Amino acid sequence: MSQSNTQKHSFNADVTKVLDIVVNSLYTDKEVFVRELVSNASDALEKLRHIQITESEIFDNNLSLEVNVSTDDTANTITIQDFGIGMTEDDLNENLGTIAHSGSKAFAEALKEGTEAASNLIGQFGVGFYSVFMVAKSVDVYTHSWGLESKGYHWSSDGSGEYSIEEVEGQRRGTKIVVHLKEEASEFSKEENIKSIIKRYSSYIQYPVNVNGEKLNTVQAIWVRSKSEVTDEEYKEFYKFQANAWDEPRFWLHFSSDAPININSLLYVPTENPEKFGFRHSEQDVALFCKKVLIDNHPQGLLPEWMRFVKGVVDSADLPLNISRESMQDSQLVQKIGTVLTKRFIKFLVEKAKKDEESYLTFWKEFGHYIKEGITSDFTHKESLTELLRFESSLTESGKTTTLKDYVSRMKEDQKEIYYLLGGSRESIEAGPYLEAFKSNNIEVLYLYEGVDEFVMSHVGQYEEKKLLSADQEGLELESTSSNSEDALPENEQEELCKWLKEVYGESVSEVKMSKRLVDNPALVVSKDKTMTANMRRIMKAMNQDVPQEIPVQLELNPSHSLIQKLSKLRTENEDIGKLVALQVLDNCRISAGLLEDPQSMVSRIYDIMDKTV
Ligand code: ADP
Ligand code: MG
């Protein structure tokens, strides 16, 4: 090992450009160099393991497959050593002297195009090995390739255009990288800092990673193992570790695929809904990995927003490790992974509901909101999400639910639409005036208890080519009910009453007519506004959105009801009280329809009526 042995080389032009930016940039995420070096070390070990399968003659073959990191805060260095595949002289020139690999190559190409401020570009690409020059004033690489005839080499550079290679004796197999830290990067020579960085990014690396002799990665990347090898206990433990969770997982999906994309993933549904008490949590909790090395714990844009209640990991060997947060959303590959995963997860829930309805229903109670949110916001998956909806209906027992599919299977041949009614509870829907006609016609009606449900229904639009319709709309074609019975008000009086009432109500009612859909209730209003029900109007108002002007309602009367018959008499015998009662009937109907906006005027009217009649 003599001085004359040393060969000087210039970096290839692309590398020089990349280095220039790396060294001079103000890039804040400097710690990623640790991730890059440790993952290179782990790659080198993995490559060696493959060679060990086919080759028997391997240099230093008794060395264990591990990564050793040591820090020295007096010398201000950090050293990363692996007993992996190592590099020959040619490898050194090719791998550390040119840009052959994906991340840095894309970076260099973007530089050529002169896009944006260069310091942003680092964040967008990551630069693999060269990222070490963000923190290093110089770097020594000692390496010995696995071949028995190979020699040991020392590569060295200060990152400023040149590097040197010399032959050295006494090297062990693999690669040792000594990073001489810049003054301002001395934090990376502190054991505690390095430990926490490695724990963050490299917890799941398959080979032991030791920092100053202490093994750090004790958790296994169970998502890359085959399902049959993992016990429930391991699944549960992993959930608590990865998701930092206190509860037990409700259920999980362990899913792997190779084509079209390599995916290993483990998705968990928690027991508790963290947003139940109103804390909104907008971060995604499915961490993105590339070959067990963390890319991002909360990748935005990977999964649709409604899936934020899902926890776990997804790993794809097809991803470049140094894809960064900023470029992730633009990456087609990331989007593809997200779509495959979302589809698979929905399928998993559908199957769960079939196999174990009870546990699906407890999930639905706790997390149904996210599914509904998905239907209104995720167009791609709306249709499949629709299968997950559950509602009570006029045919279910209280507390039991039905799917849209089952509803359709029960429809009679001539029923063309799916009906629903919104109300505060089962009792209030069943006491209201709208259900009567459906009941007497034996038509099932879905019960919606939450304001958003109607919104969801309008997004679903139709199911198996059957339109979804609110049962309080005008013009529903139902068979007539008992309203034509003998005890009904005579026809001529019906007409007179309608005419008179229209005058009393004025503009606020578009039409007054006798109804075919009432049995026990005296009257109801139907909305002429098919695009917006009273409830949606309320939701939009609450969200401070512009609400289209209210369209007048239509009032329908039950000619067999005694109150309507009495009203008809009052019209001629005591018009004053008749008017008051008429106005009150309208307001009562508005209450049932959820349309009454100002109850105060009603209160004074009731006093008036009481005063005149009591
Ligand atoms: P990438 O890992 O994306 O290929 P890097 O810049 O991190 O890009 O590394 C460049 C190349 O240098 C690697 O592909 C590998 O061939 C070689 N290399 C880096 N570190 C090691 C190591 N510890 N052992 C063996 N080869 C290495
Ligand atoms: Mg690398």
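Author: Residues count from 1 along each chain as its sequence is written, chains are lettered from A and ligands numbered from 1 in written order, and side-chain values use heavy atoms, without hydrogens and water. Because the model is predicted, local features need pLDDT of at least 70 and side-chain atom pairs pLDDT 80 or more, while totals for chains, interfaces and linings use all residues.

Reader: What makes β12 and β14 a pair?

Author: Strands are DSSP runs of E, at least two residues, and helices runs of H or I, at least four, numbered from the N terminus. Two strands pair if DSSP finds at least two bridges between them. β12 (residues 285–290) and β14 (residues 311–315) have five, in the parallel sense, so they pair. Aspartate 285 has lysine 311 in β14 as its bridge partner.

Reader: Why are β10 and β13 called edges?

Author: The open sheet runs β10-β11-β14-β12-β13, with mixed pairing. β10 (249–257) and β13 (293–296) each have a single partner strand, so one side of each lacks a neighbour in the sheet.

Reader: How do you know that β1 pairs with β6?

Author: Four bridges join β1 to β6 (residues 162–168), and the strands run antiparallel. The cut-off is at least two, so they pair. Lysine 8 stands opposite serine 164 in β6.

Reader: What makes helix α3 lie across β6 at about 160°?

Author: Axes are lines fitted to C-alpha atoms, for helices over the stretch in contact (heavy atoms within 4.5 Å). Angles run from 0 to 180 degrees between N-to-C directions. Helix α3 (residues 89–97) lies across β1, β4, β5 and β6, and its angle to β6 is about 160°.
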